[in-house]
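I opened the notebook to record what I looked up in this structure.

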Amino acid sequence: PKNTKKTLLHLLSYLGHHKWLFLLVGLLVCVSTGANLLGTYLLKPVINRFILPGDLKGLLTAVAGMGIMYLCGALASLAYSQLMIKSAQTVVQEIRQDLFIHVQRLPLNYFDAHTHGELMSRFTNDVDTVQEAMNNSFAMIIQTFLTLTGTVVMMMVLSLRLSMIVVVFLALMFAFIRFNGSRSRKYFQRQQAELGRINGFVEEMMAGQKVEKVFNHEKKDFENFCVLNENLRRESTSALAYTGMQVPTVVSLSYLNYAVSACAGGLFALSGLMDLGSLASYLVYVRQSAMPLNQFTQQVNLLMTALAGAERIFDLMEAEPEVDEGDVTLCNVKEEEGRLVETAERTGHFAWRVPEAPGVSGAPEVPEAPGTPEVAEMLGTPAAAGTGTRLVPLKGDVRFDQVVFGYVPEKQVLNGISLYAKPGQKIAFVGSTGAGKTTIINLINRFYEIQSGTITYDGIDIRRIRKDDLRHSLAMVIQETHLFTGTIADNIRYGKLDATDEEVREAARIANADSFIRRLPDGYDTMLYSDGSNLSQGQRQLLAIARAAVARPPVLILDEATSSIDTRTERLIEKGMDAVMEGRTVFVIAHRLSTVRNSKAIMVLEHGEIIERGDHESLLEQKGRYYQLYTGQFELE
């Protein structure tokens, strides 16, 4: 990781949620390690007191005692390994949950700047490395550290002179490990980054197979993949080359350490400076010292990889979430004695709960809509909603006033757009690709924030409306239909989670999807996988329209919603949607001008500006851009 301390502290904060469980794991590790260390030390009295004197009975008793001690250590090892697995999986589950929750709060521009595969890599590769380290490294690092420390201490107890040899070799081993680790650390970070890039590329290729084949792009895409694959191979090779160097080097030094210690110890024993039992125990400790050191180096490398992955996870968690300072909320209402009254029951009628003083909940004070008579009628009356608030009926009056917006500061997409849509009106946007049609509806949803101007909804600046409540009042059918894994009924019910089976079927009939659904083997219980790949594009679009129809929102947005549907089916859907949306506001974007003919107002956009507006007949009379588009379409037909 680039910042090891920060990443480690963030990871330890998750471990702190289960500190007593990890403390128990630590105690069991101490028991297991202590039994191993003490068992080796007991070789000294067993040899000196029972083997050399030939005391068979005492030897059997001592061996039995050592067996019981080793059994306790083995049971402690089994217990802590099982507890570690359970606690590690719980911590990883919490990390995944927090990561998923945070990703849902990110603004759309974050996803615009990052590939889906790169984000998926955080949930898969990076989380997997953390999980592997949690399962193996936490307890193992404690055990190897205690074993190594205990081994050095016990060797010093047995022979301080011989221990100087071991200290020198251990210092050489640690110096090599430190040097090797500093060189390999940067390559692990690069390896994880390259893994994220190659996952993003593969995800794009899998999703775009049809486009790839249509344009015969297989060879070029393979070349691009080879470049990414080579980058990953190079970084992985560099990282693993250093880690692969550690174990054989440490093992070689440990063998040399054992040989020197055995020769020196033998001389000490022959000269009477050391008894045979002490020498036997000491040499076993020397032999054992290499194993915890090897394990420690391996676990540190695994931990470094895990921390590199954890840093990428926590970097995503620290990305700025979508800002929402709104204080206006949506509520169910009913009418009593000519006044709106808030109610907990679902009435099918809604109102905005507006604090009397802007900024009651910390929202910025922003201007409301111009004081037109229509807006004044909608502003409602206070008191019914409670002290300091008023209820504004939800009708779907949407207005743009000199709105300026650009996805990036240096390039504006909308240049001073002004328009209004009264409740019950159908407003259409037409124009060439890139004129700003989809941008307008994205701003109504507050997927992006405008640079200047105001957008009002029922006379309230939408910056004052909480985003969840704002989006609850809207339904949207976009050109890129997305279906989820589940039944057809579940996908339609996505627009209204508590919709009954009859409401689902009614929405499907409105969208003209009921007939093809009933012809499927399992009807509405037909399972959809892989974004509904077992359905045609037109059928998927009909389900998306049914999903919007079941919500029955006050404002409906159709962004090329019927682009994959034939004109006959489109007319049937249009009749059904007109019935559902009677008295409600509809925004339509369409390239097929037959779709927008019956709109109350048609806005013609070009380069982020409205160059013409009016109904179908008046625009034809102007003989401007709309006339050119329409006559061109007529000639094509």
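I note that the model is predicted.

Of its 637 residues, 47% count as buried.

Next I looked at charge. I found 62 positive and 70 negative side chains. The centres of the two sets lie 7 Å apart.

For secondary structure, I listed 20 helices and 17 strands. The radius of gyration is 36 Å, whereas the globule rule gives 26 Å for 637 residues, so the protein is more spread out than a compact globule. I also took the spans of the C-alpha trace along the principal axes, and they are about 120 × 65 × 55 Å.

I turned to contacts. Among those between residues at least 6 apart in sequence, 75% join residues at least 24 apart.

Last, I went to one helix. Is H12 mostly covered or mostly uncovered? I found H12, residues 437–444, mostly covered, with 7 of its 8 residues buried. Which residues of H12 are buried? My list has Ile-440, Ile-441, Leu-443 and Ile-444, together with Lys-437, Thr-439 and Asn-442. I kept in mind that an α-helix has 3.6 residues a turn, so residues three or four places apart point the same way.

I also checked the backbone just after H12, where Arg-446 takes a positive phi of about 60°.

Notes:
Residues numbered from 1 in each chain as written. Predicted model: local features only at pLDDT ≥ 70, side-chain atom pairs only at ≥ 80, totals over all residues. Heavy atoms only, no water. Helix = DSSP H or I, 4+ residues; strand = E, 2+ residues; numbered from the N terminus. Rg over C-alpha atoms; globule rule 2.2 N^0.38 Å. Buried < 20%, exposed > 50% of the residue type's maximum accessible area, 1.4 Å probe, protein only. Contact = heavy atoms within 4.5 Å. Lys, Arg positive; Asp, Glu negative; His and termini not counted. Charge placed at Lys NZ, Arg CZ, Asp CG, Glu CD.
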